[in-house]
Amino acid sequence: MFPLLEPSTVAITASSAPLPMADTTATSPVANTAAVEEVAEAQPQETKRSWGDEAGAGSDHAAPTSDDKYVSALNLESLAIDETKKKANNFLDDPDDSNIKSVLSLSLSRSMEIQLLIRAIVSDFGSAKRAGFNLVLQVTVGDTVYTSAKTFEELNLSPDLLKGLYVEMKFERPSKIQAHSLPMILTPPHQHLIAQAQNGSGKTTCFILGMLSRVDPKLGAPQALCICPTRELAIQNMEVLKKMGKYTGITSECAIPMDSTNYIPVSQRAPVSAQVVIGTPGTINKWVTAKKLSMSYLKILVFDEADHMLAESGFKDDSLRIMKAINRSNPDCQVLLFSATFDDAVRAFVSKIVRDLFRGDYNQMFVNKEELSLESVKQYKVRCPDELAKIMVIKDRIFELANKVGQTIIFVRTRNSASMLHKALTEYGYEVTTIQGALKQEDRDKIVKEFKDGLTQVLISTDLLARGFDQSLVNLVVNFDLPVKHDLPSEPDCEVYLHRVGRAGRFGRKGAVFNLLCHDRDNMIMAKIEKHFNMEVTQVPSWTSDEDFVAALKKAGLL
């Protein structure tokens, strides 16, 4: 035990144990106290348009209604962070132990004392770990104790859930993000969590397991709600939930825009009785507004790709309406927000919303941006003299090797680029499929299913599939166009770049990304991406050399 200098609400316990050392100090901020984390001032988010297709599809967004008063009632200007309460938390950074930082909020009178204490503990733990000791770090805030979980059994899950994890999901033990976040999610009094972790690290399991564990199977009413930015991600999360919860008997429903053949007006549908609902914000908001989706029994609310949900035009409005509706019916609902990316402004904005709208304390877990790029995915840049050369690289270099290493996703910036590239490659005799937001919903579902079933090997996509799309057979990602900000095309969209890279190398598997550059602007944008992540992307010496591409894939561990 590391005693505090005097009684405090925060106690930190270190002990020898058979568990591996937790990679983060899991902590819980106390309401109405100054955050130790340094954050940017949270101004109301500017209207931000995206190159992705979600907003362009239109059907996922509710038309403005009288419910707009719910958003205005939030008084977003009051959510700005007080600059006088900004504190640095560099003392939580320990590269020897973890890339994940937990954020600790304390009263100002106690913060320096705790900083000194944690510095000493982290230093001692780092030394002990290097010396070969197995340690577990426990953090107690108030009456809540968090301990990292080495096995799923330690989480006190039901036998039916454990059976789903082992038999259906084929899991053996929790991943790092699961080991640290699941105790925060599942330990009473079920505090809120804002969590960031690398793509492919197992975030989906965290919130799906959290939802399933909170449901009372005997209560036939919505108890868990998960909101996703696209229908594809909602369907994918529903598939995971059904697989993981196969033996629990828990019911679920997917709230996404219906295709034309199965369309039923909201006013004519029966009230939702499914215990877990997963869907897109526009459809969920329509159901809530029409009084078809009850919030009265809701225990847990999840935002997948939370930064996108609360920063993008349209999604933010719908998301805030839903949160306000839940707050009116059940302010004790637990809120989980997960994403691989949180910029400073969105992070601060999300933290304020959770703290101001919902009761109870909240925990935060973040990753340094330099550590977000997946180590298992090797990134390359290929300088091409013109756009035709980019197509030739795909056709003559990447396609000739891709059939040996798995499936390939090619990302483009716009729908027109997708159509152009699809036409060029099919005219050369290659079989490719293309997905973008202008397609009919049933066509989008069919294309994704065929790709996931392995019936197609190459998929051209706008950023519709950049976030959350999970296909373990994807080992190659090609950025035909680098992602840039819609309102400032000379600046890279580093969050989108990271999500694209994350489509390869899922769950630590090997993968490679080829960034095709031909304009001076491409070179400038690539340089800014490298600077942002503090990394250097390897250059393929010649775009015409088969040997150079073979060497690149060998270095990536794919050949």
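The legends below describe close-up views of a predicted model. Residues are numbered from 1 along each chain as its sequence is written, and side-chain values use heavy atoms, with hydrogens and water left out. Because the model is predicted, local features need pLDDT of at least 70 and side-chain atom pairs count only at pLDDT 80 or more, whereas totals for chains, interfaces and linings use all residues.

**View 1. Salt bridge between Arg269 and Glu253.** The side chains of Arg269 and Glu253 meet in a salt bridge, with an N to O distance of 2.9 Å; the term stands for a side-chain nitrogen of Lys or Arg within 4 Å of a carboxyl oxygen of Asp or Glu. Glu253 belongs to strand S9 (252–255) and Arg269 to the loop between S9 and strand S10 (276–279), so the pair ties together parts that are 16 residues apart in sequence. Helices (H or I, at least four residues) and strands (E, at least two) are DSSP runs, numbered from the N terminus. Arg269 is buried at a relative accessible area of 17%, while Glu253 is partly exposed at 21%. Buried means under 20% relative accessible area, exposed over 50%, and partly exposed in between (1.4 Å probe, protein chains only). The structure holds 17 salt bridges.

**View 2. Salt bridge between Asp463 and Arg500.** The closest N and O atoms of Asp463 and Arg500 are 2.7 Å apart, forming a salt bridge. Asp463 lies in the loop between strand S17 (458–461) and strand S18 (474–479), and Arg500 in helix H15 (residues 494–501), so this pair ties together parts that are 37 residues apart in sequence. Asp463 is buried, with 9% relative accessibility, and Arg500 is buried, with 0%.

**View 3. Salt bridge between Asp453 and Lys449.** An N to O distance of 2.7 Å separates the side chains of Asp453 and Lys449, which meet in a salt bridge. Asp453 is partly exposed at 45% relative accessibility, and Lys449 is exposed at 53%.

**View 4. Helix H4 and its cover.** Helix H4 spans residues 159–168, and its buried residues are Leu161, Leu162, Gly164, Leu165 and Glu168. Their cover includes helix H6 (203–214) and helix H7 (231–244). Lys170 follows H4 and has a positive phi, near 65°. An unreviewed UniProt entry annotates residues 150–179 as "domain: DEAD-box RNA helicase Q"; positions are given in the numbering used here, feature names are shortened, and annotations may be inferred rather than shown by experiment. The end C-alpha atoms of residues 150–179 lie 6 Å apart, and the span is 47% helix and 0% strand.

**View 5. Surroundings of Leu559.** Leu559 sits in the segment after helix H17 (546–555) and is partly exposed, with a relative accessible area of 40%. Leaving aside residues up to four places away in sequence, Leu559 touches Leu401, Lys404, Val405, Val550, Leu553 and Lys554, a contact being heavy atoms within 4.5 Å. Leu559 and Leu401 are 158 residues apart in sequence, yet their C-alpha atoms are 9.0 Å apart in space.

View 6. Met258, Tyr263 and Ile264 make a nonpolar surface patch of about 310 Å². Patches are made of residues with over 30% relative accessible area and no salt bridge, with like charges joined within 9 Å and nonpolar side chains (Val, Leu, Ile, Met, Phe, Trp, Tyr) within 5 Å. Accessible areas come from the Shrake-Rupley method with a 1.4 Å probe; for residues, only the protein chains shown count as cover. Met258 lies in the loop between S9 and S10 and is partly exposed, with a relative accessible area of 38%.
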